Amino acid sequence: MFVEDFKTDFYEFLAGKRVFLMVHYDIDSICACKILQSLLKYRNILYTVAVIQRLEDLKRAYVENCEDVQYFILLNCGGTIDIVEELEPEEEKVFFILDSHRPIDVCNIYSTDQVRLLTRPEEDALVPEFNDIFRDQSESENESDSDSDNEGRASKRRRLGEEAILKRRENRLWEENRNKLLFEYSQFTYYARASAIFMFEYAWKLNKEDKDLLWLAIIALTEQLIFGKIEHTQYILEMEALRAHCTRLQHKSNDTDVLTSLKILFEKDLRLTLYRHWTVEHSLKYSMFTAIRMKLWTLKGDKKIHELLADMGLPLAQSRQHFKSMDLQLRKEFHSSLEKLSEKYGLQDIEFTSFILQYGYQHKYCASDIVFALIAILEASPRDKKPEELFNLALDCLSRNKKEIIDNAIEKAKIVAKSLFKTVQNALDMKQIINAGPFVYYIVQEGCLDWYMFSHQHILLLLSQFVLKAYVSMSRNKKASTLPLIISVPKNIENGTCILIGIPPVCETSPRNFFGKAFEQAAEKMNCEANCDYFDTSYIEIYSKDRTRFFDALAALLN
Amino acid sequence: MFAEKACSLIKELSRCEEGLPPYNIELVKEVCTEIKQLHEQNKEDGAIVANESEIAGNVNPLYPTLRIGSAAVKRNIRCLLAYHYNRLRTLRTMRWQFGSILPPDIKTNLSSDEIDWFSKYSSCLGKYMRSIGEDGLNLCLDLRPPKSLYIEVKCLIDYGKFELSDGTVLLLKKDSRHYLPRSECEELITQGVFHHIV
Amino acid sequence: MLPSSSYQPNYFSIEDILATQERTPCKFLQDVPRMGKLNPSAEEKDLKVGTELELPLWLVLDGAAGRQLILAPELPKIYREAYREILKADATAIDLHKFNLYFYELGSYIKHFDRRGDVHNILLHTFTTRFRLIMDLANNADSDPTIQNKLDTLERRLFKDGHNARMKLNTWLLESGIPLKAASMVDNHRKRKRVNEELV
């Protein structure tokens with residue numbers, strides 16, 4: 001069921017109770033969690049936070065805590081699975097779910113009490129009607145019983161045969177219809193509005209919103225844009241809404257804001273990774289946007305950068321300096337001169353509207369900077385760090401007074417950007433992106449540099465988008481833009497497993513992903529052991545030895 | 001040289017800032033023997049000096065020997081007392097910081113008398129704290145006035161189950177975050193189970 | 001109760017005991033029967049008048065007190081003219097730690113052996129010149145951590161206290177709410193344990 005009124009059915013309802021937060025391991029969840037924490041703190045609602053990466057974690061956390069806790073809040077996890085079936089909770093346990101993964105499992109939507117969804121029902125989601133997918137078996141039998149009571153016993157026996165046949169036929173049709181509806185409903189996986197934006201709006205309705213919380217919502221939105229989880233139009237819509245909040249809060253500023261001069265500015269940003277914290281040359285070279293438009297992995301592309309810099313009137317020595325240390329004049333003109341030349345170098349749309357957080361006189365961060373920093377913390381940290389530790393670090397990174405953490409993370413993010421670029425360059429040079437008919441695939445080998453980094457969901461997602469776009473831009477095959485991509489990265493070398501990700505073709509404007517179902521069916525068909533307990537089902541973990549067969553099965557399926 | 005051993009006891013202590021080195025029973029015994037020997041010698045010399053000065057009215061040649069001997073005894077005693085006294089001081093601070101149960105690796109460093117003293121001190125302190133106000137007051141907690149009644153904490157170790165005073169049970173796992181009443185956390189923070197997040 | 005690290009010598013003070021253990025040169029004014037073992041270089045049974053020895057300060061102090069002096073103390077070399085000149089030239093440049101671990105504690109005993117008050121003056125001079133350095137260090141500790149190796153025990157304690165106070169002030173200024181902390185002993189105990197585990 002959907003929670004109708006956030007205030008009475010959730011916030012007031014939980015006052016004085018203890019809740020258990022299960023938070024998915026991604027940026028949106030961390031932002032949503034931070035907003036929720038501040039809301040819970042206002043009402044002194046005791047909470048415990050657990051980090052969830054996969055279904056297995058969710059189950060374990062539930063089992064460990066179910067004795068002591070009655071109320072569970074799930075952020076960005078659990079919406080797409082049948083919670084009641086997976087966890088087998090006792091009657092009185094209640095689950096509040098705020099999940100941006102789609103589609104939401106129908107059992108959660110039609111749960112009467114135990115599962116309560118904090119999202120709003122979406123019109124375009126085409127949720128099957130209750131009666132089309134659920135039917136009370138006993139009820140229908142009772143009906144036929146009462147019917148037959150009215151008539152004579154003798155006729156009943158005769159008609160029973162007929163009726164049973166009719167009934168069975170009806171059942172079969174209903175069943176077919178049900179399967180069809182469910183398939184249509186769950187065919188594509190995609191992302192809906194970021195949970196942090198939902199949370200921020202709830203905070204707003206409770207009159208507890210402030211600039212810090214707004215910033216978290218902005219980060220979550222920017223994350224969705226950077227990872228291509230939502231369409232650009234959707235981004236624009238959400239951004240306008242947040243911009244309105246931003247203006248409103250700017251006027252509402254209180255004394256402490258003046259002291260720390262905390263400001264959120266609405267500004268145009270460039271699709272250049274971390275350029276404010278890097279050198280212009282590196283940022284141009286390692287950003288996905290410029291790399292693809294200018295084919296920077298080629299020798300020609302490399303020259304083109306220098307051409308561009310020359311056109312902009314930016315001396316090479318300056319472009320190799322930290323952006324902050326560049327001449328003031330050049331720095332001021334950087335934005336506009338790049339925009340002027342964007343058409344000449346095929347860099348249209350290099351600008352996008354975004355937000356900047358400024359506090360004090362030395363801290364100034366773009367929303368995208370923070371997203372890259374967070375992802376570097378979460379997914380590019382040394383292997384001996386546990387996810388819980390990194391989750392805490394990421395939470396700290398979002399606190400304003402932890403500048404060193406952000407700065408360290410930004411340094412790490414640069415390494416991520418470089419290594420993404422180099423991997424793509426390598427894949428193209430060695431012609432490792434292989435066309436398998438209905439899709440292309442790329443296998444990251446075990447010995448490959450930084451393979452460990454790519455075995456994480458989001459960096460892998462970035463890699464796959466980068467690889468596919470680069471492949472399309474280089475391919476002579478006209479159909480290249482209609483092909484989806486699968487990437488395989490080693491996951492656990494000891495067990496010999498690898499993680500696969502599938503992304504839709506470049507020509508699709510919508511990021512709806514059909515690989516969830518395709519993976520499931522392929523795994524079913526070839527009867528191999530697969531671990532599909534990611535909440536985003538476009539990832540799957542299989543044994544590397546099964547990979548060739550798995551690709552064959554997929555190819556057959558998609559043909 | 002006199003009092004060399006006694007001094008090495010003190011050096012042991014000073015090397016170990018804030019912690020306690022193992023109680024060095026052998027060395028303590030040896031120092032005691034040294035004191036006894038010196039004392040016997042001094043007694044003999046003292047008798048001679050006292051007798052002869054009465055008779056002759058001038059200073060006996062043994063007088064400087066006696067003085068050095070007695071200085072050595074005094075020095076030994078001072079070291080020995082300081083050794084024990086400073087250990088007890090550290091032990092007392094430990095009661096306030098670790099609580100009434102000491103970590104086992106610290107406990108092995110104590111002499112049996114020290115363990116005895118610790119438990120007596122501990123029960124004295126406990127009794128006193130219970131007697132304050134109506135239902136006692138834990139003085140070992142942080143004495144600064146709280147900013148809020150609830151605080152957010154991060155668990156630093158796998159602690160297991162922990163029961164709050166109202167009966168709710170928490171599972172404390174490493175790196176999990178909790179929002180709890182401050183009064184429930186304070187002790188676990190001083191004991192290093194929780195880290196307070198501001 | 002006196003703090004264990006009190007500068008004022010108290011009977012139980014570990015620092016005072018260690019400072020009075022320092023060797024000080026002295027000359028015997030009387031024969032001391034049966035104390036030949038105090039002089040390791042000679043094998044005689046008795047200690048002869050005029051013997052020059054370096055003895056622990058506590059023994060020297062005792063011998064140089066009272067109506068009848070057994071020995072005459074002399075200045076340890078670090079408090080003598082040559083060293084005093086060095087200190088006068090630039091006290092801040094000196095590795096006091098190498099001079100003596102307890103330069104000031106020891107000095108405040110030694111100064112009584114020096115009638116003219118030169119030692120007294122040099123102690124005061126050294127401390128006042130070096131104090132500024134210590135203040136500076138304590139306020140900007142991250143500048144060079146090795147420099148505190150040049151401090152004597154007293155200076156080191158001043159540095160530590162000053163540094164801690166500074167850090168506390170900094171945290172208070174930065175994040176007005178001071179977080180609750182684990183007790184220092186618990187903290188160190190855990191760190192030591194971790195180090196031990198790593199060594200194993």
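**Note on a predicted three-chain model**

1. In chain B, the C-alpha centres of domain 1 and domain 2 lie 42 Å apart, where the domain assignment sets domain 1 at residues 4–131 and domain 2 at residues 150–197. The model discussed here is predicted, and the predictor gives the complex an ipTM of 0.82 together with a pTM of 0.77.

2. The UniProt record, an unreviewed entry, places the feature "domain: DNA replication complex GINS protein PSF1 C-terminal" at residues 147–197 of chain B. In the model, this span is 18% helix and 45% strand, and its end C-alpha atoms lie 13 Å apart.

3. Turning to the contact between chains B and C, 37 residues of chain B are in contact with 33 residues of chain C. On the chain B side, helix H1 (4–15), helix H3 (63–98) and helix H6 (182–190) each supply at least two residues, and of the elements of chain B it is H3(B) that gives the most, with 17 residues. By class, this side of chain B has 18 nonpolar, ten polar and nine charged residues.

4. Chain C has eight helices and three strands, which follow the pattern α-β-β-α-β-α-α-α-α-α-α when read along the sequence. Of the 200 residues in chain C, 28% are buried, and among its contacts between residues at least 6 apart in sequence, 60% join residues at least 24 apart.

5. For residues 12–59 of chain C, the UniProt record (unreviewed entry) carries the annotation "domain: DNA replication complex GINS protein PSF3 N-terminal". The end C-alpha atoms of this span lie 18 Å apart, and the span is 19% helix and 23% strand.

6. As to confidence in chain C, the average pLDDT is 82, and 88% of the residues score at least 70.

7. Chain A is divided by the domain assignment into domain 1 (6–122), domain 2 (131–186), domain 3 (210–270 + 354–412), domain 4 (272–349) and domain 5 (431–558). The C-alpha centres of domain 1 and domain 5 of chain A lie 30 Å apart, and eight residues of domain 1 of chain A are in contact with five residues of domain 5 of chain A. The domain 1 side of this contact has two nonpolar, three polar and three charged residues.

8. The largest nonpolar core holds 189 residues, of which Met22(A) and Ala217(A) touch the most other members. Helix H10 (residues 211–226) of chain A contributes the largest share of this core, eleven residues. A second, separate core of 43 residues includes Phe2(B), Cys7(B), Val31(B) and Val119(C). Not counting residues up to four places away in sequence, Met22(A) touches Ala50(A), Ile52(A), Leu58(A), Ala61(A), Phe72(A), Leu74(A), Leu75(A) and Cys77(A).

9. Helix H19 (residues 387–397) of chain A has Leu390(A), Phe391(A), Asn392(A), Ala394(A), Leu395(A) and Cys397(A) among its residues, and these are buried. The packing partners of the buried residues of H19(A) come from two chains: in chain A they are helix H2 (27–42), strand S2 (46–52), helix H18 (367–379) and helix H20 (403–429), and in chain B they are strand S1 (150–155) and strand S4 (177–181).

10. Ala480(A) lies in the loop of chain A between helix H22 (457–474) and strand S13 (485–492). Is this residue buried, exposed or partly exposed? Ala480(A) is partly exposed, because 18 other C-beta atoms lie within 10 Å, whereas a buried residue would need 20 or more and an exposed one 12 or fewer. Leaving aside neighbours within four places in sequence, Ala480(A) is in contact with Tyr471(A), Val472(A) and Ser475(A). Ala480(A) and Phe439(A), which are 41 residues apart in sequence, are 9.1 Å apart in space, C-alpha to C-alpha.

11. Chain A averages a pLDDT of 87, with 93% of the residues scoring at least 70. Among the elements of chain A, strand S3 (residues 71–75) has the highest mean pLDDT (94) and helix H7 (residues 137–150) the lowest (48). Over residues 139–149 of chain A, pLDDT stays under 50, and the model has three contacts beyond four places in sequence for them.

Notes. Residues are numbered from 1 along each chain as its sequence is written. Chains are lettered from A and ligands numbered from 1 in the order in which they are written. This is a predicted model: local features need pLDDT of at least 70, side-chain atom pairs count only at pLDDT 80 or more; totals for chains, interfaces and linings use all residues. A nonpolar core is a set of buried Ala, Val, Leu, Ile, Met, Phe, Trp, Tyr and Cys residues joined through C-beta atoms within 7 Å. Helices (H or I, at least four residues) and strands (E, at least two) are DSSP runs, numbered from the N terminus. Two residues are in contact if their C-beta atoms, placed from the backbone, lie within 7 Å. Ala, Val, Leu, Ile, Met, Phe, Trp, Tyr, Cys and Pro count as nonpolar, Asp, Glu, Lys and Arg as charged, and the others, Gly among them, as polar. UniProt positions are given in the numbering used here, feature names are shortened, and annotations may be inferred rather than shown by experiment. pLDDT is the predictor's confidence in each residue, from 0 to 100. Domain bounds come from an automatic or database domain assignment.
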